[in-house]
Amino acid sequence: MAAAEESLRKALAENHSAVEAQGNAVRALKAAKASKPEIDAAIEALNSLKLEKSSIEKQLQAAVSGSDADGVLSREAFRQAAVNTLERRLFYIPSFKIYRGVAGLYDYGPPGCAVKSNVLAFWRQHFVLEENMLEVDCPCVTPEVVLKASGHVDKFTDLMVKDEKNWTCYRADHLLKDFCNEKLQKDLSISAEKASELKHVLATLDDLSAEELGEKIKEYGITSPDTKNPLSDPYPFNLMFQTSIGPSGLSPGYMRPETAQGIFVNFKDLYYYNGNKLPFAAAQIGQAFRNEISPRQGLLRVREFTLAEIEHFVDPEDKSHPQYSEVVDLEFLMFPREEQMSGQSAKKIRLGDAVSKGIVNNETLGYFIGRVYLFLTHLGIDKDRLRFRQHLANEMAHYAVDCWDAEIECSYGWIECVGIADRSAYDLRAHSEKSGVPLVAAEKFSEPIEVEKLVIAPVKKELGLAFKGNQKNVVEALEAMNEKEALEMKAALESKGEVEFYVCTLGKNVPIKKNMVSISKEKKKEHQRVFTPSVIEPSFGIGRIIYCLFEHSFYTRPSKAGDEQLNVFRFPPLVAPIKCTVFPLVQNQQYEDVAKVISKSLTAAGISHKIDITGTSIGKRYARTDELGVPFAITVDSTKDVTIRERDSKLQVRVGVEEAATVVKSVTDGQITWEDVWANFPHHTSGSGDD
């Protein structure tokens, strides 16, 4: 698509020049009073160029808006149709609607709750149960000290700008992103070079500093979207909701911005619960809160949302995974950083090749990438609109080893829905240092081994005499030296007797004399290796996954009469809010009694269903339930057997009344497919399956 767009922009620029040149030629001929046939021929050539320009513009508009040249639904029109259906059928609606709502807050209605519940149930099945994970449930309110240790208090920010006259706040990178997208999609006159520049800005948006972002906003003349007033320079805004714990107000806290910290602070107890063995994984599903500057895009950017997070603790010296072979042959779209930097597109790569070539850092990270792929595609995410994008080097935190995002394409573009990161040992070390509680694991040796250990022994008496109240700072700084620094100090003290030593907590150099510290290497026998585990973290934004699933499942089809388009959600039975509907064909007491018998059988089988005994036409009842994504409908038209209709094909089979619930359960549980049902039961050819 990118290559086609670039080619069309170049063709449009060439055509524009040709139209100008031909227009000048026509004017010159008229000025020279050329013959009428000559002028008519020049005008005809000009009109032909203008028609060609119109055709190129139409193709270019289709390329940038996501529609084809024949006028299939554009992205925006498709999104509007889907969202209108979702809100009308109460999948989700703005919260506090009667009070005009609050941006970034949404309520799930009955079908939305059911879809969400089914997604989370499958998440538990796919990860917690199949991987033997330890599930925890921690409070949403988190003491400040925990989030101070994790870095959230100081660094969990987005860059914000304000309207300089009315002080309305906007997220700076969103304004720049909107400007670039609007230019690319609506200004067909921009050159291929300018389009390439804007695409580069979009690709590197996350890497821009506050100063660089401010420069781009000024360079492009971006103003307040609502008032066109000038904007302030970007500055950081912390996204956490602050609160206080208890009535005194002396214990500050925050609503958690993620669920992960609750797992990290419980590592010691979880490690003990797991028999002091690695590797193991802990999981948590829960609400998280982020005070977004300018929330938008429906469920994709909200202020309260559901996260499902896994922290897989592993020995940093052994990141192999025992079940890696189960995913090694999966092949799907991957977008390594090299391809991003060179302007290429995502390509299909075999997961085993990505790990063996070092594109993915290690087996455990690769294993979870594969498991996430299987989870999303089983839910109903289109595998051709799912890619795994590697973070660029300057996107990653300094402590991260490797990070990949599962991005799903929807009408808003590519949306990050799952982050899979090797966070090294950063989190456990940070909480160990802040709390004073060692969050470590141990590997016991079968036989004791002799090791050479560096021993740094500050002489506290001499240091106290020399530095008085600063003695503790100097002692801690000496003990924190790495082996290279310590050996260099030892050599300098032996040769000079004194060395200048920088103490970061004092912010200055201090003189260290030979009698103030002893540095030596000693041989010791060790029975175990104590280390801080690394963490592989898959983090799932459940609301984002659900919204993308809504879009990937939504389509329209003509009614039987052909006079209207009917909305359908093609949810797999796994996530469908209602698995089955039961309809008496007509209002008839015998049929209604049969419907109630089938309903009881479905309830006993644990199949969510809806019974509809209204007198509405069967076609309208099918259309209503197709719009809710119900995969199967049982129509009662006799007391002995019934029809089962499949939503997308509209094909129907006949089964006995006593078999109906069993057949539906077998298909919805995945034990058999609809193709199996179609092959094994008599077909029903009545037109009542049509809408």
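1. Strand β10 (residues 280–289) is joined to β11 by 10 bridges, the two running antiparallel, and within this pairing Gln287 stands opposite Thr306 in β11. Strands here, like helices, are DSSP runs numbered from the N terminus, with at least two residues (E) for a strand and at least four (H or I) for a helix; two strands are taken to pair if DSSP finds at least two bridges between them.

2. The model is predicted, so that local features are reported at pLDDT of at least 70 and side-chain atom pairs at pLDDT 80 or more, whereas totals for chains, interfaces and linings use all residues. Residues are numbered from 1 along each chain as its sequence is written, and side-chain values use heavy atoms, with hydrogens and water left out.

3. On confidence, the chain has a mean pLDDT of 90, with 96% of its residues at 70 or more; pLDDT is the predictor's confidence in each residue, on a scale from 0 to 100. Over residues 67–72 the pLDDT is below 50, and this stretch has 7 contacts in the model beyond near neighbours in sequence, a contact meaning heavy atoms within 4.5 Å.

4. As to the chain overall, its secondary structure comes to 23 helices and 29 strands, and its C-alpha atoms fill a box of roughly 95 × 90 × 55 Å along the principal axes. Of the 691 residues, 47% are buried, where buried means under 20% relative accessible area, exposed over 50% and partly exposed in between, computed with a 1.4 Å probe on protein chains only. Among contacts with a separation of 6 or more, 67% join residues 24 or more positions apart.

5. The pairing of β10 with β11 belongs to an open sheet of 9 strands with mixed pairing, in the order β3-β10-β11-β21-β16-β15-β14-β12-β13. Because β3 (134–135) and β13 (347–350) stand at the edges with a single partner strand each, one side of each is left without a neighbour in the sheet.

6. Further in, β11 also pairs with β21 in the antiparallel sense over 6 bridges, the bridge partner of Leu307 in β21 being Gly541. Strand β11 is mostly covered, with 10 of its 11 residues buried. On the next pairing, 5 bridges join β21 (residues 534–541) to β16 (residues 413–422), again antiparallel, and Gly419 has Ser539 in β21 as its bridge partner.

7. Helix α14 (residues 363–379) packs on this sheet, touching β11 (304–314), β12 (331–335), β14 (386–390), β15 (402–410), β16 and β21, and its direction makes about 145° with that of β16. Such angles run from 0 to 180 degrees between N-to-C directions, and axes are lines fitted to C-alpha atoms, for helices over the stretch in contact.

8. Val594, Ile598, Ser601 and Leu602 in α20 meet Val657, Ala660, Ala661 and Val664 in α22. By class, this contact has 7 nonpolar, 1 polar and no charged residues, where Ala, Val, Leu, Ile, Met, Phe, Trp, Tyr, Cys and Pro count as nonpolar, Asp, Glu, Lys and Arg as charged, and the others, Gly among them, as polar.

9. Finally, Lys453 lies in strand β17 (residues 441–458) and is partly exposed, with a relative accessible area of 35%. Leaving aside neighbours within four places in sequence, Lys453 is in contact with Ser520, Lys521, Glu522 and Glu526; the C-alpha atoms of Lys453 and Ser520, 67 residues apart along the chain, are separated by 8.3 Å.
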